[in-house]
Amino acid sequence: MRAFKYGGRLALAEPLARALADAVLDRGTALPDCLCAMPLGPLRQRHRGFNQAQEIARRVAAQLRLPLRAALVRTRETPAQAGLSLRERARHVRDAFRATEPLQGLAVAIVDDVMTSGATLAAAARAARAAGAVRVEAWVVARTPKGSEP
C-alpha cells in the first residue's frame, strides 16, 4: 500500500481493486447503485499526483459494472490524521465534504484505500446521506489498527 499511495506505483491499483471487488462479491449481498471515490484535497492530490481512492474506485466500478460518480468533494483541506486521537480526527474532518449532485434514493459505496479510525469515511457518508443517499457503505482495501498508519 505504501508503494502505491506514496511511491506512485499506479500499476498496483489493479490488484488492489481486484481484491476489493472479490471481497465485495464474496459477501453475497446486493451491490449499491453507484460508487464514489473518497475525495482528496486539491493540494494533497497535486503533491501526490493522483487520488489513490479514485484509481481503485475506477477499476472496481469497471469490474463490478457499477457507475462511478464524482458526487463528493472536499470543502477544505484537512490536516494529516496520523498520530491524532479519534476525537481529533473526527473534529478535523467535520463538514469537510459535500455532495455536488443529488443522491436521492441511492445506495452508495464510498471507496477508499485505507481506513484507520473511520472518521473520514463517516464524514463523507454524512455528506452522501445529506444528498439523499438511503444507504452508504464504506469499501476499503485495508484497515489498520486505530492510531497506526499503513
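**How the helices and the sheet are described**

Me: What makes E4 and E5 a pair, and in which sense do they run?

Reply: Strand E4 (residues 107-115) and E5 pair in the parallel sense over eight bridges, and since two strands pair if DSSP finds at least two bridges between them, the term applies; strands here are DSSP runs (E, at least two residues), while helices are runs of H or I of at least four, numbered from the N terminus. Within this pair, Val111 stands opposite Trp139 in E5. This is a predicted model, in which local features need pLDDT of at least 70, side-chain atom pairs count only at pLDDT 80 or more, and totals for chains, interfaces and linings use all residues. Residues are numbered from 1 along each chain as its sequence is written, and side-chain values use heavy atoms, with hydrogens and water left out.

Me: Why are E1 and E5 said to stand at the edges?

Reply: The open sheet of three strands has the order E1-E4-E5, with parallel pairing. E1 and strand E5 (135-143) each have a single partner strand, so one side of each is left without a neighbour in the sheet.

Me: Why is H2 called oblique to H4?

Reply: Helix H2 (residues 13-27) and helix H4 (residues 52-64) pack at an angle of about 50°, with their axes 8 Å apart; the axes are lines fitted to C-alpha atoms, for helices over the stretch in contact, and angles run from 0 to 180 degrees between N-to-C directions. Angles under 35 degrees count as roughly parallel, over 145 as roughly antiparallel, 65 to 115 as roughly perpendicular and the rest as oblique, and therefore H2 is oblique to H4.
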